Amino acid sequence: MTSSPATPSPTGRRAVRSDERRRGVLRLASLLLAGIGAIAWLGRSADPASRPLAAGPLSLGAAIALTGNANLYGQDQRIGLALAERWAQQDAAGGRAVRVWLEDGASDEPSAIAAFNLLIRQGVIALIGPTLSQQAFAADPIAQRQGVPVVAPSNTAKGIPQIGHFISRVSAQSSVIAPLSIDEALRRDPSIQRVAVFYAHDDAYSTAEVQIFDKALAARGLTPVTVQRTQLADNDFQTPITNALQRAPQLVVLSVQAVAGGNLIRQLRELGYRGQIVVGNGLNTPNIYPICQRWCDGILIAQAYSPELNTPINRDFQRLYRQARGDRRPPQITAQAFTAYQVLHEAIQRLHSKGGLTGVTLGQARVRLMHELLAGRYETPLGPIGFSPEGEVQQQRFYVAEVRMDPSGRDGRFALVGQRSLNGARP
Amino acid sequence: MIDNGLLVQMLLGALLGLSVYLPLAAGQLSLATPAFYAVGGTLAALLSTRWSVLGATAAGGFPVLSLLLELVLGGALAGTLALLVGRLVLRLRGIYLAIATIALVEIVRVAILNLPFTGGAIGIFSIPQPFTDASGYLLTALILLVLTGWICQRLDTMPLGRAMAAIRDDELAAGCMGIDTTRVKLTAFVLSAVVAGTSGALAAHFLNTWNARQGSFDVSITTLAFVILGGSRAWLGPVVGGLLLTALPELLRPVGDVRLVLFGLVIVLGPVLAPRGLVSPELLERLGRWGSPTREQKP
């Protein structure tokens, strides 16, 4: 059967349309390919490291979690960085001005990589972040390869400074801090024999910290009577709690993130547990108070920061925090973010006064800044700190706090109950 | 401004979009893409960090040939897994198949989380680098995308592609016409797995680290959004959807804290304003006609 062009048959029309569609696909695909090629060509030279260092203010890039499940920490970090900028402005007579470019590193790896790439391309001299250790394992190698110093304000997992010689942190490893709160619980009740442990088995921070708690318990002759594995996104813990309470624990150890931890504590108390609760670094934020409310009262937590430390810099930090947030006490994560900015700021000022930032490229300035950063000693809100040649923070003082809630049950504070100076850790 | 690192993520997004599109072209709503992506990524992460024969150097370098081998092995392992699971899950249709594939994603995620050699929740890090910057990844991802696109385009004129389209339109009628529907659906499922597994192997190196979170249910939904926004009737739809939705959160950074609100609005408004996706068959026909003499529409 034939058909004239004027009266095509259904089959003929289909063939023509199929032909047009194929041509359309080819055209659109070529267009996309050309677009990708053009963008790739424009984006090929992303790092301005070879350009001379500009005379104006220096930029620090901060990639922290403002969205995603780590955003509770990111909000505290954002405050810490803003306060540090104000502190530096008050302190900066004659020094080199430093400003912060803040980007959302979200709570996943690709976003942290994108934020680091963006900030590096904008020509920052150093980076602060990312919020989570898992993100650090993805984003830090990029900064390392491009020779950009990184100061991690909240990565506590093992192996972060070992990513490379441009990577450092001001957040002490969990292995140093976590056992102190167990000691405090045992001091209060030496008869403790039965311990229940809860942790989120799909969370990097929890799984790393729970191993440290396990070691600390074993070193004190305690074997957990039950280990309950929860999930990062869980909010209902009735089943694991019921299972654990059947073993009549005298001490509960929790290593979970803030929101889950707040709910877990509340449900533990509601289901009748009256013993001591020791929690990990994930609950080191006042943002848990509205979640577990009056049930937060009495939980023990080891900290790398105490608001009660009476030093000039901590008093300055507290004053700035009160001005910004009213009559509240700053949390550890805010103090660590402040410290991350402070150590970079002080290293930049030292380098500037030595003339180390004159007549160099941005790449050379980054290398010099890293050397200066690691060589320095700093009086920070965390106490006196320094760095090992690898970039690991060397902090001398750690604290154990107890949460004391107001009678209203809506707000509370971390009250200092113990302090420990670790020998061998150089300030 | 899009840098080459973001462009790599966009191309990986487009590849994952195609991986969801392939079973959909045979009428099967499979959300298993992240499971195969995770399998490919975990295999590449394990091989490059544990198997010294592949030639990872102490300085973190990695031969490109070894990467290519990993891409092939990642695709092959994901394809084999799809072949084994596909026979079971493809008995289900529609929403039941979607639920079964979500279960597969969960099983793979929990397995990776609990296997003794995959690093638990922290995963595997310090994955060696075959390229010194993102351009190498860009070229590799682009070649993979062009290759997958070419196969999808060829499918249109091949008996397999026509059989897939017939099953999508009416599975019962296709079966009555003598098409072995099980075999065709399984082939599409395996092809989808190969694309996802290969993409995962490349992504593991690009991300420097690999953990169970990379293949979660969230990724199922994101990749499905690529297809819904881009369009499921032409292979260029998921490609455009993947490129666009991966880039958008980054391009919206200048608007600050509301960027994810705007991103959500695009996902909501996209299907409302373009129910058949941004790249519909009609658009492609108009594009094909453009510049050529107008044909008569009606006798």
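One definition before we start: a residue counts as buried when its relative accessible area is under 20%, exposed when over 50%, and partly exposed in between. Bear in mind that this is a predicted model.

Start by selecting A:Glu402, which is buried at 13% relative accessibility, because that value is under 20%. A:Arg404 itself is partly exposed, at 36%. Next, bring in A:Glu184, A:Arg187 and A:Arg188, which salt bridges with shared partners join to A:Glu402 and A:Arg404 in one network.

Staying in chain A, pick A:Arg329 and A:Glu308, another salt bridge (3.2 Å, N to O). A:Arg329 sits in the loop between helices H11 (312-325) and H12 (332-353), and A:Glu308 in the loop between strand E10 (300-303) and H11, so the pair ties together parts 21 residues apart in sequence. A:Arg329 is partly exposed at 34%, and A:Glu308 is partly exposed at 36%.

Hop over to chain B and select B:Arg253 with B:Glu250. Their side chains form a salt bridge (2.6 Å, N to O), and both residues are buried. Across all chains, the whole structure has 32 salt bridges.

Last stop: the second largest pocket, with about 940 Å³ of space. By class, the lining has 14 nonpolar, five polar and 11 charged residues.

Terms used:
Residues are numbered from 1 along each chain as its sequence is written. Chains are lettered from A and ligands numbered from 1 in the order in which they are written. This is a predicted model: local features need pLDDT of at least 70, side-chain atom pairs count only at pLDDT 80 or more; totals for chains, interfaces and linings use all residues. Side-chain values use heavy atoms; hydrogens and water are left out. On a 1 Å grid over the protein atoms alone, a cavity is a set of points where a 1.4 Å probe fits but cannot get out, and a pocket is an open set with protein on both sides within 12 Å along at least five of seven lines; lining residues have an atom within 4 Å of a point. Grid points are joined across faces, edges and corners, and a volume is the space filled by probe spheres set on the points. Ala, Val, Leu, Ile, Met, Phe, Trp, Tyr, Cys and Pro count as nonpolar, Asp, Glu, Lys and Arg as charged, and the others, Gly among them, as polar. A salt bridge is a side-chain nitrogen of Lys or Arg within 4 Å of a carboxyl oxygen of Asp or Glu. Helices (H or I, at least four residues) and strands (E, at least two) are DSSP runs, numbered from the N terminus. Buried means under 20% relative accessible area, exposed over 50%, partly exposed in between (1.4 Å probe, protein chains only).
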